[in-house]
Amino acid sequence: MQIGSLQVALKQKNNNNVSGLSEELKVQNEQLNAKVIQLEKQLECCQNLELENQQLKEKLDVMKHMEDEFLNMVGALHMNVVEKERLLKDSEDFNQSLIIKEREINDELQNARKKLIEANASSLLPCITLLTGDGNICVKQMGEIDTEPFLKAFTGKRRYNEEEAEQRALEKCSLWQKYLGDPHWYPFKIITIGGKSKEIINEEDERLKRLKREMGVGVYKAVVTALKEMNEYNPSGRFMVRELWNNDEGKRATLEEGIEFLLNQTKTKRRKIGQMDDGANENGDDDEVFVEKNKRDEVILML
């Protein structure tokens, strides 16, 4: 009886031990599974980090390559800019030298023009007295009033004879020439056309209106023309300036035209002198011809 009870008790104890051991194995198994899962996750994380690291390395290599290309491009652009700056500097220096040269040439031409007018003023007829057939190049006093319209105006008045009309015309013209030289009289106004300012005659000027009313349109136009010339050539000084003039075309003559005209005049004078010398030689006055020829040659050289 006791043996049976012991066996039962032993069996029960074994069952309890097996049950406890099974439970313990189950817990350990669950812990191992959790550990495996954790290790798998860590492994996956490491693999992801390694992949990301590889991708970053590839991007870095690409960026480094792009940086090299960018630096090369910047270097090329810099060299291009430096070259263009050099070309621009050379161009500016060249343009400046051209401007200086142009000014020098212009000064030389102006001096030559001035000397041509001064040295040959006696050979070139004043434009205001130029007659048909005398040539088309003359010396014009810019700002000088033409007396012809004044003469016509007074000649048309019956109370004056020819001599009186001429005297009155000269006096009136001389008076208006003084008016033109008055710096306090400014019969101009400024208008704006297309954004640009332009100076024109003020037709409402009382002195000009009275002149037109009393002396007529011809005299008015002569005074206005002289006013415009003086305002163009010498607005500050208000005195007449001599100019080489193409009378046929009614404009400023070129230096070439003036020289050509004087050369033609010189040739004509030489031809006339030659004809006179031939005639004098036929008369046998050799000594007088020689003296006269020398004088004429001196006159020609002055021209």
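Which helix holds glutamate 163? Select residues 162-180, which make up helix α3, and glutamate 163 will be found within that helix; helices here are DSSP runs of H or I with at least four residues, strands are runs of E with at least two, and both are numbered from the N terminus.

Before going further, note that this is a predicted model, in which local features need pLDDT of at least 70 and side-chain atom pairs count only at pLDDT 80 or more, while totals for chains, interfaces and linings use all residues. Residues are numbered from 1 along each chain as its sequence is written, and side-chain values use heavy atoms, with hydrogens and water left out.

**The whole chain**

Return to glutamate 163, which counts as exposed because its relative accessibility is 65%.

Together with Leu71, Met73, Val74 and Leu77, Phe70 forms a nonpolar patch on the surface, with about 470 Å² of accessible area in total. Patch residues have over 30% relative accessible area and no salt bridge, with like charges joined within 9 Å and nonpolar side chains (Val, Leu, Ile, Met, Phe, Trp, Tyr) within 5 Å; a salt bridge is a side-chain nitrogen of Lys or Arg within 4 Å of a carboxyl oxygen of Asp or Glu.

**The strands**

Select residues 188-193 and 196-201, strands β2 and β3, which pair in the antiparallel sense over six bridges; pairing requires that DSSP finds at least two bridges between two strands. Isoleucine 193 stands opposite lysine 196 of β3, and in the turn of this hairpin, which has two residues between its strands, glycine 194 has a positive phi of about 60 degrees.

Finally, select strand β1 (residues 137-142) and strand β4 (residues 241-246), an antiparallel pair with six bridges, in which methionine 142 has valine 241 of β4 as its bridge partner. Strand β4 also pairs in the antiparallel sense with β5 (residues 251-252), over two bridges, and asparagine 246 stands opposite lysine 251 in β5. Four residues lie between the strands of the β4 and β5 hairpin, where glycine 250 takes a positive phi near 65 degrees.

Technical notes
Buried < 20%, exposed > 50% of the residue type's maximum accessible area, 1.4 Å probe, protein only. Areas by Shrake-Rupley, 256 points an atom, 1.4 Å probe, with all protein chains shown as cover.
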